[in-house]
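My entries follow in the order in which I made them.

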Amino acid sequence: MAMRPPMPSVILSRRAKIALSVVGILIVLLILVVKLSGVYINYLWFGELGHHGVYTTMLWTKLTLFLVFGALMALIIGGNLIIAYLVRPPFRPMSPEQQNLQNYVLMVEPRRRLVLAAIMLIAFFAAGASAQGKWMVWQLWLHGDSFGVTDPQFHRDIGFYAWDYPVYRTLLSFGFTAIIFSLILTVAVHYLSGAIRLQTPGPKITISARRQITVLVFVFMALKAVAYWLDRYGFVFSTRSKFTGASYTDVHSALPAKTILFWITIILALGVLASIWLRSALLPGIGFIVLMVLSILIGGIYPAIVQQISVKPNASDKERPYIQRNIEATRQAYDIVTANKDGSNGGTVSYQPYSATAKPQRSAVTETNTTVDNIRILDPNIISPTFKNAQKIGLPYGFSTPLDVDRYTINGVEHDYVVGVREQVTGSNLTGSQNNWINQHTVYTHGYGFVAAEADQDVTNGDASAYTEGDIPPSGPLNLSVPQAYYGQLMNDFSIVGAKGTKREYDANSGANVSYTGKGGVSLGSLFTRLAFAVNHKDTNFLLNDAVSAPGAKIIFNRDPKQRVEKVAPFLTIDGDPYPIVDQATGHMVWMVDGYTTIANYPYSERQSLSDLTHTSLRKDQKNTQINYIRNSVKATVDAYDGTVHLYQWDSKDPVLKAWMGVFPGLVQPASDMPQTIRDHVRYPQDLFDVQRGLLTQYHITDPVASYNGKGKWAVPSDPFAPPADQPPYYVLATPPSGSSQKPQFQLTTPMVVSNATNLAAYMSVDSDSGPNYGKITVLQVPTSSNIQGPAQIANVFKSNSTISKDISLLGTGQSEVLHGNLLTLPLGDSFLYVEPLYVQATSGSSSYPTLQRVLVTYGDKIGYGATLAAALKDITSGRDPGSSVQVGQTSGNAPPSPATTPTTPATTPTTPAPGSSNAPAGTIAGVIAQLNTAKAQLDASYDTHDPVKIAQAQAKYDSLVEQLIRLNSTSSPAAPKSTPKASSTK
């Protein structure tokens, strides 16, 4: 066999080596400086909030894990490589195989220490980085306590699965990684050194190499035995069947199989270890192969046979006790346990029959009814541009989308309000020469004011006086004395504030500049601090700009309330919808943020994706993690002026939060510390409600067999205007669904439909008032024999009505579009009242905003349609045809401004008859509208005659005029008629 030619070697000069070393050192130092600047800035930020201890605990935990596990991995792998090198044979028998390897040996041998150091360094950093990412697992293991509940299979406390089991799995994974890499690299060293000779006559492996490899195989098999034993406990998370948890097959075949494999592996491992004193080199390999074969036969094929032959034909009977376990555990873990009559079991869900009828009594629809009196017609997902039009007032301001819904008691009367903070949105509002670093970071630094509109009143006509709270300076009954907002959802960039001397910060009140006096922000008085920010942001302005180095200057950053809470409490999953309130005791604006504790190791509880459960037509911002336990354990507040964060222990029984309070003592305050003026605005969080309603579609069923077969299953309705996404739940102020009181209750509500159908199955509501019944869920169950229409069917009813559909088409002609507001479902009397506002907005122009033009309602088999809610309800109560009060195709007084309109002087403006006036020329749009109004009146009058011939003639004339008007609109306007559906609001 021909020998390979020697491999060419690259020889570097001493100067080149020094240059490369210097470059490498500089790169490493640069990376370290950037990383350390980030650490220093984080330390300062936590200090600003008074929580240095939180950051140092995280930092030292991560550093300890990095060093310990990195060093262990490096020592295990490096130690095995050193042993393999030291026991190499003193000489290699000459053979073609060894001659071919000689070139590689000659290349590695002079650099063996460098190669060893490189391998150990890689192992150190890889293992350390992986270990530090598990810092939460280790802290929970150190501080976790008992749940007080045991699993039904092994009768271990849930704490074992929540705290201990993840740590054991982490250690096992680390052990397997260390041994597998040690085995691979050790075999490579032995092969290069000639201790393993595959093609050389005589012994194929030296005794020393065989013993080292045997010990490594023994350790691997011992770890495998531990893995089999831990796998037994892992069956409580099994997904073999339709549910999470140990199934019949798991308990009766897979579990015994794992136990058998554990003992077989122990015996085989001891046999492999005994082979050290035998001359056979095959025993370790044979033992390993036997273990793999038995694992496939006993652990895989046997359970599969049992599942197919024994369980599958009789699944509902075989799985009954295990499904029951799943139902009970899931209800406990997601806090949806059915409450007993006296409430002694701590259950949160009450089921009540609701005998809804398709032909209810219209007398229930009266303005004296609490529910009807508080019907919300403002959709917070749509009207943010409307708020901006009426209440923006200053250049750098805007409102977040969507707006929020909260309730306030004013003059002794409670109402729900659509609310928002006038926030700073400098980046999108500054143009040209205004858009520079100074303006962005030192001048336009904060928002100003709080805006609130009564949710059942139309404020879309552009009249700022229609708002309950608003204007600059603040005007309204909420006692807002500190209107400046330095922290908010739209403030994603840093600002330099608080400089003494020259006041630089633009303030909307009187237009005079101000200087921040709050306690928020990190001082920039130190050159070292400014240098750290310059490095971290890669921005030299921190060193060169006078506003940064001015006395008293501070930098405020991490300004989003959600981001601040998430950073100071990294163990929390944050709700996607922080909302603002006015603390009427202090006069400050405060952001309320809901935080959840979650785990994925609750035995038998159904595992679900948090992202999937909370994904609606409007919300898709939750992280895609698997959970099977959740609690709204923390309510947090963030002061909009000084950024102060307070965390309150809202669920005092949650073991997960108790563990974290042990990790970070003093971080979370008792709920009793929450001021009453803040507590009055606590509401039930939407993401938690989304999770619970998603689980209740299946877990309202108590019978295991029915649950397994899907009998009686519900579904979350799809949004009729954004299918197939789920319709979001919405906040309403209405009569309690139990009917126990006529006092309005703030609720978060959702309809539920029959699975694989669109008719209504149930109505779910949770008490969001901060009283003793907070968090109590009421489910009104519609009889299965009834056929009450669900949201999608109701939307179709609206679309199929000729008067409504034609009017919507006309409203959407030209450069306008129709926006469908949230379709509310409200239990009323002996049926459900559906309400949907319709908005019209210009399709172009930055200043366009939606205005409320129509309201649709339906109650049983009656439809109402009008320019106002009162007019639409009048159609229901009077029994008249829907839209009787509407002039088809005409907007109300809230018509949005057309972007094509140009101002003209009175002298040059031609006089145009108003649409619908009697003197409008025939053949024009205005003339046809006038004829159409007359035809509509004649059609209404024909119904009173009960003469089918007259009704048909009037209807034909009306339809002809509608078609004529549509043709005129399509020829006179460059834009095609359109109706743009908009997703329903979450609020």
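Entry 1, overall. I looked up burial first: of the 987 residues of the protein chain, 52% count as buried, where buried means under 20% relative accessible area, exposed over 50% and partly exposed in between (1.4 Å probe, protein chains only). The model is predicted, so I note that local features need pLDDT of at least 70 and side-chain atom pairs count only at pLDDT 80 or more, while totals for chains, interfaces and linings use all residues. Residues are numbered from 1 along each chain as its sequence is written, and side-chain values use heavy atoms, with hydrogens and water left out.

I then listed 29 helices and 30 strands in the protein chain; these are DSSP runs (helices H or I, at least four residues; strands E, at least two), numbered from the N terminus. Among contacts (heavy atoms within 4.5 Å) between residues at least 6 apart in sequence, 69% join residues at least 24 apart.

Entry 2, H1 against two helices. I recorded angle and distance for each pair, because two packed helices are described by the angle between their axes and the distance between the axes. Axes are lines fitted to C-alpha atoms, for helices over the stretch in contact, and angles run from 0 to 180 degrees between N-to-C directions.

Helix H1 (residues 14–48) packs with helix H16 (residues 527–537) at about 120°, the axes being 9 Å apart. That makes H1 oblique to H16, since angles under 35 degrees count as roughly parallel, over 145 as roughly antiparallel, 65 to 115 as roughly perpendicular and the rest as oblique. On the H1 side I found Val33, Val34, Ser37, Gly38, Tyr40, Ile41 and Leu44, and on the H16 side Phe528, Thr529, Ala532, Phe533, Val535 and Asn536. By class, the contact of H1 with H16 has nine nonpolar, four polar and no charged residues. In this scheme Ala, Val, Leu, Ile, Met, Phe, Trp, Tyr, Cys and Pro count as nonpolar, Asp, Glu, Lys and Arg as charged, and the others, Gly among them, as polar.

For H1 and helix H19 (residues 561–568) I noted an angle of about 100° and axes 11 Å apart. H1 and H19 are therefore roughly perpendicular to each other. Asn42, Trp45, Phe46 and Glu48 of H1 meet Arg564, Lys567 and Val568 of H19, and this contact has three nonpolar, one polar and three charged residues.

I found Gly488 in the loop between strand E8 (484–485) and strand E9 (495–497). At 0% relative accessibility, Gly488 counts as buried. Leaving aside neighbours within four places in sequence, Gly488 is in contact with Glu423, Arg559, Asp560, Pro561 and Trp591.

Which peptide bonds did I note as cis? One is from Thr401 to Pro402, with omega near 0°, and another is from Pro723 to Pro724, with omega near 5°. Pro402 is in the loop between strand E2 (397–398) and strand E3 (404–410), and Pro724 in the loop between strand E20 (714–715) and strand E21 (730–734).

Is each buried or exposed? Tyr604 is buried, with a relative accessible area of 1%, whereas Asn756 is exposed, at 84%.
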